[in-house]
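Please read the following report with the sequence and the model beside you.

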Amino acid sequence: MNLNHQSNQHLSTTIHDMRNELEGLDNEIKELKEKQRLLIIRLKKECYHPHDSLRECAYEKNFFVSTFPPMRVCMICGTWEEGWGCGYKALKSNSENSVPMIPRDELYRFRRGDQKGPDVD
Ligand SMILES: [Zn+2]
């Protein structure tokens with residue numbers, strides 16, 4: 001009887017400790033994500049997106065989801081841009097060489113933040 005009581009107390013202490021540890025980790029993750037967000041903003045401001053760092057994927061017609069626009073990404077800072085309409089602005093290349101094409105899913109892995117940002121501090 002007494003043993004059971006101690007066992008339950010130990011169990012609830014353990015659960016309480018784990019709960020506290022989990023909340024601590026949640027806070028650390030939140031702080032790291034904010035730190036990451038601010039660093040991405042700084043990196044995107046500093047990066048000049050050199051031609052060699054650019055990759056592009058082609059326009060893609062998808063029967064079920066409609067269409068995907070052509071897209072470019074800077075592999076250094078993760079800035080990405082869709083190439084609809086008048087083409088690329090931030091990731092425009094002045095090189096005579098074409099931007100190397102890569103599969104769409106591979107390009108997605110280099111993207112960071114929103115298409116137009118994250119430019120807001
Ligand atoms: Zn860049």
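Leaving aside residues up to four places away in sequence, Arg-112 touches Ile-40, Cys-77 and Gly-78, where two residues count as being in contact if their C-beta atoms, placed from the backbone, lie within 7 Å. The model is a predicted one, in which local features need pLDDT of at least 70 and side-chain atom pairs count only at pLDDT 80 or more, while totals for chains, interfaces and linings use all residues. Residues are numbered from 1 along each chain as its sequence is written.

Arg-112 lies in the segment after helix H2 (104–108); helices (H or I, at least four residues) and strands (E, at least two) are DSSP runs, numbered from the N terminus. Arg-112 is partly exposed, because 19 other C-beta atoms lie within 10 Å. A residue is called buried if 20 or more other C-beta atoms lie within 10 Å of its own, exposed if 12 or fewer, and partly exposed in between, with C-beta atoms placed from the backbone. Arg-37 stands 75 residues away from Arg-112 in sequence, yet the C-alpha to C-alpha distance between them is 9.2 Å.

Gly-78, one of the residues that Arg-112 touches, belongs to the hairpin of E4 and E5, which has five residues between the strands, and there Gly-78 takes a positive phi near 85°. These strands are part of an open sheet of three strands, with the order E1-E4-E5 and antiparallel pairing; two strands pair if DSSP finds at least two bridges between them. Strand E1 (54–57) and strand E5 (80–82) stand at the edges and have a single partner strand each, so one side of each is left without a neighbour in the sheet.

The two pairings are set side by side here.

| Strand pair | Sense | Bridges |
|---|---|---|
| E1 and E4 | antiparallel | four bridges |
| E4 and E5 | antiparallel | three bridges |

Within these pairings, Leu-54 stands opposite Cys-74 in E4, and Arg-72 has Glu-81 in E5 as its bridge partner. In a regular strand the side chains alternate between the two faces of the sheet. In E4, Met-71 and Val-73 point one way and Arg-72 and Cys-74 the other way, and all are buried.

Which elements does the protein have, and in what order do they run? There are two helices and five strands, and from the N terminus on they run α-β-β-β-β-β-α. Buried residues make up 12% of the 121 residues in the protein. Of the contacts with a separation of 6 or more, 56% are between residues 24 or more positions apart.
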